Amino acid sequence: MNPIYERTRADVTVRRARPDDAEAVRAIRNHAIEHTTALWTQTPQSPAEAVAWLAAHLDRGSAFVAEAEGEVAGFAVHGPWRHLDGYRHTVEDSVYVREGRHGLGIGSALLKALIASARDAGHHVMIAGIEAGNTASIRLHERFGFHHAGTVPEVGTKFGRWLDLTLMRLPLT
């Protein structure tokens, strides 16, 4: 068994994000940008960009953080899947866990809160766009009832290689 799944589960508290969480969220995002294929950009987020990005989610009430052992150990947001009004009932989720904190139930706690928030807001479908090789994220979403909607080959690039995008779908209503 992979040792990451043998770790003790963390005591996790999920709460709505606040403006003062911007720097902790930025640190988690920037680590993902610099070291993973979870975010398909190679440009780290500046402090001002982080504040503006989080503020848009705070305005929608769609941003959450997980706290464990006194620190922000992860964050999750949902936002518009597409910006045309025909897509207004569909949201896309993003869930990120601080490096070294994977396998402790943090992602599950965040995704659970995110789905409840999207349902409470009256959204119809939640979409997850996941780099096809990210099996941990795919399994997380499957545990919450997301179904594979398709994989689009070679639609992104990072670290000098082409990436496939797996789309997963969860009906909310």
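**Working through the model**

Modeller: Gly103 is partly exposed, with a relative accessible area of 30% (buried means under 20%, exposed over 50%, partly exposed in between, with a 1.4 Å probe and protein chains only). This is a predicted model, in which local features need pLDDT of at least 70 and side-chain atom pairs count only at pLDDT 80 or more, while totals for chains, interfaces and linings use all residues. Residues are numbered from 1 along each chain as its sequence is written, and side-chain values use heavy atoms, with hydrogens and water left out.

Biologist: And where is the place of Gly103?
Modeller: Gly103 sits in the loop between β4 (90–97) and α3 (106–120), where helices (H or I, at least four residues) and strands (E, at least two) are DSSP runs numbered from the N terminus.

Biologist: Switching to the sheet, what is the order of its strands?
Modeller: The sheet is open, with 7 strands in the order β1-β2-β3-β4-β5-β7-β6 and mixed pairing; two strands pair if DSSP finds at least two bridges between them.

Biologist: Which are the edge strands?
Modeller: They are β1 (12–16) and β6 (147–158), each of which pairs on one side only.

Biologist: How many bridges join β5 to β7?
Modeller: Strands β5 (residues 125–131) and β7 (residues 161–171) run antiparallel and are joined by 7 bridges, and Ala128 stands opposite Met168 in β7.
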